[in-house]
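Here is a short report on a protein model. Look over the sequence and the structure first, then read on.

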Amino acid sequence: MGQATKRMNMIEAIRDALDVKMTEDSDVLVFGEDVGYFGGVFRATAGLQEKHGLHRCFDTPISEGGIVGIAIGMASNGLRPVAEIQFADYIYPGYDQIASEAARLRYRSNGEFSAPLTIRTPVGGGIYGGTTHSQSPEALFTHIAGLKTVIPSNPYDAKGMLITAIEDNDPVLFLEPKRLYNGPFYGDPHIPSVSWAKHELGDVPEGHYTVPFGSVRRITEGPDLTILAYGTMVWVAEAAAKEAGVQADILDLRALLPLDIEAIAESVKKTGRCLILHEATRTSGFGAELSAQVAEACFFSLEAPIVRVTGWDTPYPHAQEWAYFPGPKRVMNGIRKVMGQA
Amino acid sequence: MAAKKKTAKKLKTDKEELLKYYRDMLLIRRFEEKAGQLYGMGQIAGFCHLYIGQEAVVVGARAGMIEGDQMITGYRDHGHMLACGMESRGVMAELTGRSGGYSRGKGGSMHMFSTEKHFYGGHGIVGAQVPIGAGLALANKYTENGNVSLAFFGDGASNQGQVYEAFNMAKLWDLPVVFVIENNQYAMGTSVQRSSAETELFKRGSSFEIEGLQVDGMNVLEVRDAAKKAIKHARDGKGPMILEMKTYRYRGHSMSDPAKYRSRDEVTKTRSERDPIDMAKAHLLDEKWVDEAELKAIDKEIKAIVADAAEFAQTSPEPDPSELYTDVLLPVDAA
């Protein structure tokens, strides 16, 4: 404690985490499409090549399968690679490497090998990206045993969690809600947004610190209901609860795997009501897993059926993004439903 | 089969032909300039990749195609659609996310299709269209319809693994496909030199026995000749060819490109020395096939088409929110 802090947006916090680890540990290498010279499409790696050299921060060809495969080879041979996949929508060519190699290396080798590898990738909508630049594929990864999947919702957590990810001895998928890079987003472009410079979670310690995986962040506390959210939906939940006039326990999950089910269960047992939010499509989404785990742990405390507000089971559209996005209106409907008012 | 380098030669054409290419290239240029303006005005949101500078590639390639041949490309796709004969209005209205767009606004800049014009998209994932293009060709071969598919991709996509899986299958089965590499020299902000072990991309098919040609992609007539040769090769049952089009994009990769990866001089030099439209114009004037007044009239006519498209794209209504759950497989619980 007593560490000096600095105001940062989420991009700066991520860059700072990379810088801290690259400075501390020569095994940490950062690479991906346009990551080196260009500094990353969202500028997350700007300046790192200049500071740490061409061999520490470099550009790769547009070859996601190759990027992940090479990172696994590096990781299993003593390095701590941090690979960027430019958009989560581009990760599918690398999926085979992630699912069958990275996540299985420790198990397959009887603990002989592991892949201390971090894959950073921007997720989620809100930037008019359409079908191939807006997806939230987290559930495809939480389904894989052997992989940790985490998603920060603010600069403070982003830096601390990225350092934790890099120091982890197993592969971590680090999802970055791209709509939150500059400030919290409330799910409706008509609600004026603030920048992280004016938000307490934009106050980021300098130097090294970690935010461990497997613990939720409580955004607000209240007796009425529990809202489980992660990424952009954390801030949508906050706006919707305020608008609906309810006092909610809003839990930012931060890590989907490992999941802090103890804190979730404690909250749901207190409130008796549980609303689950995500941007991703509904069927087999991570909300289904959350719903099952809450039902298993809290069935006799529930006063209403668990409710999910999610993306629809459709591709992500270019037009009518705000009709599609599970914004505050739909979340408020969900709140009413779980409160027995609808 | 050894890959061959181009040799300079005087290329045959006539007034009618060259004027058509000039007009088609100019339409793409003016359309893209307008798209850039609409983006600046906030009428187009999200991603928008302009084709300015590369017009000769698609217009020349199109000149080698016959009715029924297919085209498929990546995300820098507006020029391809116009070259296929798709309506300026429908393309522009898709950019603005309106119901008058080819995908009723739901696809956006990178995701448009026309079965009528045999245009198979607009794909936002780099390189993903290449195996699909080979698949189009497999169907052509199987049904013996005599058609050839042209799969366009960039220098960046040429480093995607699935491109080589497609190369292998295309040659193994002698599929009627032409792989057109639009080498504009930058994959977003990464130059070919900084991303590719072999920078002569026409050689990329060597180990699959696919013949490759390097083509001046700024010269519409040279592109035409190369396309005709490759398409004939494919249609004759000899399998795929690779055409590496050496071209250049004048604008940024997308609308948010700091352009720090190349100098302003480099762009200016290409624009002033190799511009495909200026070269065609000089050729037309040189042969005295047109005069300045006629060219001005063409420009005016094209500007009117583009202005009409822009007007349509701004006045066509947004799709109804209920459109968001159409064209999916199961009823959507839109709670």
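**The sheet of chain B**

In chain B, five strands make an open sheet in the order β1-β2-β3-β7-β6, with parallel pairing. Strands β1 (70–72) and β6 (211–216) of chain B are at the edges with a single partner strand each, so one side of each has no neighbour in the sheet. From one strand to the next, the twist averages 20°. Helix α8 (residues 220–235) of chain B packs on this sheet and touches β2 (149–154), β3, β6 and β7 of chain B. The direction of α8 makes about 165° with that of β6(B).

This is a predicted model: local features need pLDDT of at least 70, side-chain atom pairs count only at pLDDT 80 or more, and totals for chains, interfaces and linings use all residues. Residues are numbered from 1 along each chain as its sequence is written, chains are lettered from A and ligands numbered from 1 in the order in which they are written, and side-chain values use heavy atoms, leaving out hydrogens and water.

A few terms come first. Helices (H or I, at least four residues) and strands (E, at least two) are DSSP runs, numbered from the N terminus. Two strands pair if DSSP finds at least two bridges between them. Contact means heavy atoms within 4.5 Å. Axes are lines fitted to C-alpha atoms, for helices over the stretch in contact, and angles run from 0 to 180 degrees between N-to-C directions. Buried means under 20% relative accessible area, exposed over 50%, and partly exposed in between (1.4 Å probe, protein chains only).

**Strand β3 of chain B**

Seven of the seven residues of β3(B) are buried, so this strand is largely enclosed by the rest of the structure. V177(B), F179(B), I181(B) and N183(B) point one way, while V178(B), V180(B) and E182(B) point the other way. F179(B) stands opposite I242(B) in β7(B). A151(B) stands opposite F179(B) in β3(B).

| Strand pair | Sense | Bridges |
|---|---|---|
| β3(B) and β7(B) | parallel | six |
| β2(B) and β3(B) | parallel | six |
| β4(A) and β5(A) | parallel | three |

**Two helices of chain B**

How do α1(B) and α11(B) lie to each other? They are oblique. Their axes come within 9 Å and cross at roughly 40°. Oblique covers the angles left over when under 35 degrees counts as roughly parallel, over 145 as roughly antiparallel and 65 to 115 as roughly perpendicular. Among the α1(B) residues that meet α11(B) are L19(B), Y22(B) and L26(B). On the α11(B) side, I298(B), I302(B) and V306(B) are included.

**The sheet of chain A**

Seven strands of chain A form an open sheet in the order β3-β2-β4-β5-β7-β6-β12, with mixed pairing. The edge strands are β3 (57–59) and β12 (255–257) of chain A, each pairing on one side only. E84(A) stands opposite R120(A) in β5(A). Helix α7 (residues 155–167) of chain A packs on the sheet, at about 160° to the direction of β7(A).

**A loop residue**

V211(A) lies in the loop between β8 (203–205) and β9 (217–220) of chain A. V211(A) is buried, with a relative accessible area of 4%. Leaving aside neighbours within four places in sequence, its contacts include Y156(A), M161(A) and R254(A). The C-alpha atoms of V211(A) and L201(A) are 13 Å apart, and the two residues are ten apart along the chain.
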